[in-house]
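Colleague: I should like to learn how to read the features of a structure. Could you please begin with the helices?

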Amino acid sequence: MSITFRYGAGVAVLPASVIQKLDRASKKDIKILLSLASMPETMQKAESDPAFVAAACGCTEAALATSIAFWRG
């Protein structure tokens, strides 16, 4: 299997500390993290417009809040 990153199509950057939590993260937590990392303009609205961010991540506002709290530690 070959994995190719096409940087021209956009890049999601994650902190190295994410690795330490991956074994405890749910599928939903990982989906939300990747959604936020790939849409930085959305993360800026996480506190001011959680409904917009939740819709962009494909989850509920409650799931978004729980997941952000999980990743923040």
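Modeller: Helices (H or I, at least four residues) are DSSP runs, numbered from the N terminus. The expected span of a helix is 1.5 Å times one less than its number of residues. This is a predicted model, in which local features need pLDDT of at least 70, side-chain atom pairs count only at pLDDT 80 or more, and totals for chains, interfaces and linings use all residues. Residues are numbered from 1 along each chain as its sequence is written, and side-chain values use heavy atoms, with hydrogens and water left out.

Colleague: What should the 12 residues of helix 2 span?

Modeller: They should span 16 Å, and because the end C-alpha atoms of helix 2 are 16 Å apart, the two agree.

Colleague: Which residues of helix 2 are buried?

Modeller: Buried means under 20% relative accessible area, with a 1.4 Å probe and protein chains only. In helix 2 these are Asp29, Ile32, Leu33, Ser35, Leu36 and Ala37. They pack against helix 1, helix 3, helix 4 (50-57) and helix 5.

Colleague: Which residues make up the largest nonpolar core?

Modeller: In soluble globular proteins, nonpolar side chains tend to be buried together. A nonpolar core is a set of buried Ala, Val, Leu, Ile, Met, Phe, Trp, Tyr and Cys residues joined through side-chain atoms within 4.5 Å. Here the largest has 10 residues: Ile32, Leu36, Ala46, Val53, Ala54, Cys57, Cys59, Ala63, Leu64 and Ile68. Helix 2, helix 4 and helix 5 each give two or more residues to this core.

Colleague: With which residues is Val53 in contact, leaving aside its neighbours within four places in sequence?

Modeller: Contact means heavy atoms within 4.5 Å. For Val53, the partners are Leu36, Thr42, Lys45, Ala46 and Leu64.

Key. Buried means under 20% relative accessible area, exposed over 50%, partly exposed in between (1.4 Å probe, protein chains only).
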